[in-house]
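Hi,

Here is the structure I promised to pass on. Have a look at it first, and then read my notes below.

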Amino acid sequence: MLEYVLFFFIVVAGTGGELCLSRAMKSMGEIHDFRPMSLLRFVGQAIRLPWLWVGISLMALGFFSLLAILSFLEVSFVVPVSALSYAAGAFGAKFFLGERITRHRWMGIAIVTLGVTLVWLSRR
Amino acid sequence: MLKIAVVLIILPVWTSFTPLDHHEHHARRLQLKTIPLILVSIVLGPMGNVLLGKGMKEVGQVQLHGVGDLLPVAFRVFSVPTLWLGIACLLGFFLVHMLLLTWADYSYVQPATALAYATVAVLSYVLLGEMVSPLRWAGIALICFGVLVVGRTAPNTTTAPKTTVAP
């Protein structure tokens, strides 16, 4: 039971965190000026974005869940199963960021999910 | 089983080597520094995960009975050197990845993440002695292939709907 909860956090919180970060960074716009002072100003503006902190907290939750699950499950099992993030990421990008997911990309995600199913079945 | 591992490693490398059709000479020269860095990144990332796994196995299964247990547990977990080595590898991976993305297209670098699923299995077999069954290898092969398919699509669909060429 515990592993389901932890996998849920790894996949959903980890991906959710990245989506929040992406949303925060997109609102900042692309960086063109790479001088140290303007980079510092960029960081100073970025840390005031609430989405950034939501993102960092969610990613931390995902990382600690990964540590917890690795304390009792095999690495060659946990890491492939966490590839489900590709599916979570696509759904999140579609509904949270308004990105269009091409049919080609859905196909790739379906293949990844099938692979994760096989790895899940290889569980001892 | 070894054969599958070899195919898993050769296939994504080979497909990611297919030359770009625009300014090919420049691309060739770029590959000289891109490919070694991609190789470094597909070893560093999985290495980090394997070391995290090794470190956490040293800690053992964590028992949490309340919020008060969180601090002592965190203290015990983060006093394991192997874990810090793993975190260092993951940070290194992150840096190399960012560095690559400053000049290489995301759709060129991204298939390398597919390879990482194969290397993580090879490394956990070699370094941690985990038994990777043929079924698990098959699943990992499918994941690699799926990630490759995902990577072969346009990186930006929100701002430039007319063109499919990467910037």
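V132(B) counts as buried, because its relative accessibility is 3%; buried means under 20% relative accessible area, exposed over 50%, and partly exposed in between (1.4 Å probe, protein chains only). You'll find V132(B) in the loop between α5 and α6 of chain B. Helices here are DSSP runs (H or I, at least four residues), numbered from the N terminus. If you go from V132(B) to L32(B), 100 residues apart along the chain, the C-alpha atoms are separated by 34 Å.

Before going on, a word on what you're looking at: this is a predicted model, where local features need pLDDT of at least 70 and side-chain atom pairs count only at pLDDT 80 or more, while totals for chains, interfaces and linings use all residues. Residues are numbered from 1 along each chain as its sequence is written, chains are lettered from A and ligands numbered from 1 in the order in which they are written, and side-chain values use heavy atoms, with hydrogens and water left out.

Now to where the chains meet. Chain B brings 43 residues to the contact and chain A brings 38, with contact meaning heavy atoms within 4.5 Å. About 3200 Å² is buried between the two chains, and carbon and sulfur atoms give 70% of that. Buried area is the accessible area (1.4 Å probe) that two parts lose on being put together, summed over both.

Eight residue pairs are in polar contact between chain B and chain A, both residues being at pLDDT 80 or more. A polar contact is a pair of N or O atoms within 3.5 Å; within protein, one must be able to donate a hydrogen and the other to accept it, and residues adjacent in sequence count only if both atoms are side-chain atoms. On chain B, the elements that give two or more residues to the side touching chain A are α2 (24–59), α4 (81–103), α5 (106–128) and α6 (134–151). The largest share of that side, 12 residues, comes from α6(B).

And which salt bridges are there? Over all chains, the whole structure has two; a salt bridge is a side-chain nitrogen of Lys or Arg within 4 Å of a carboxyl oxygen of Asp or Glu. In one, R123(A) meets E3(A) at 2.3 Å, N to O. R123(A) lies in the segment after α6 (103–121) of chain A and E3(A) in helix α1 of chain A, so the pair ties together parts that are 120 residues apart in sequence. E3(A) is buried at 11% relative accessible area, whereas R123(A) is partly exposed at 31%.

Across the interface of chain B and chain A there is one salt bridge: E74(A) pairs with R136(B), the closest N and O atoms being 3.0 Å apart. R136(B) counts as buried, at 0% relative accessibility, and E74(A) is partly exposed at 23%.

Last, take a look at helix α2 (residues 36–46) of chain A. Its buried residues are S38(A), F42(A) and A46(A). Seen down the axis of α2(A), they fall within an arc of 85°, so they line one face of the helix; the arc is that of the directions from the helix axis to the C-beta atoms. On the other side of α2(A), P36(A), M37(A), L40(A) and R41(A) are exposed. What covers the buried residues includes α1 (2–28) and α3 (50–70) of chain A.

Cheers
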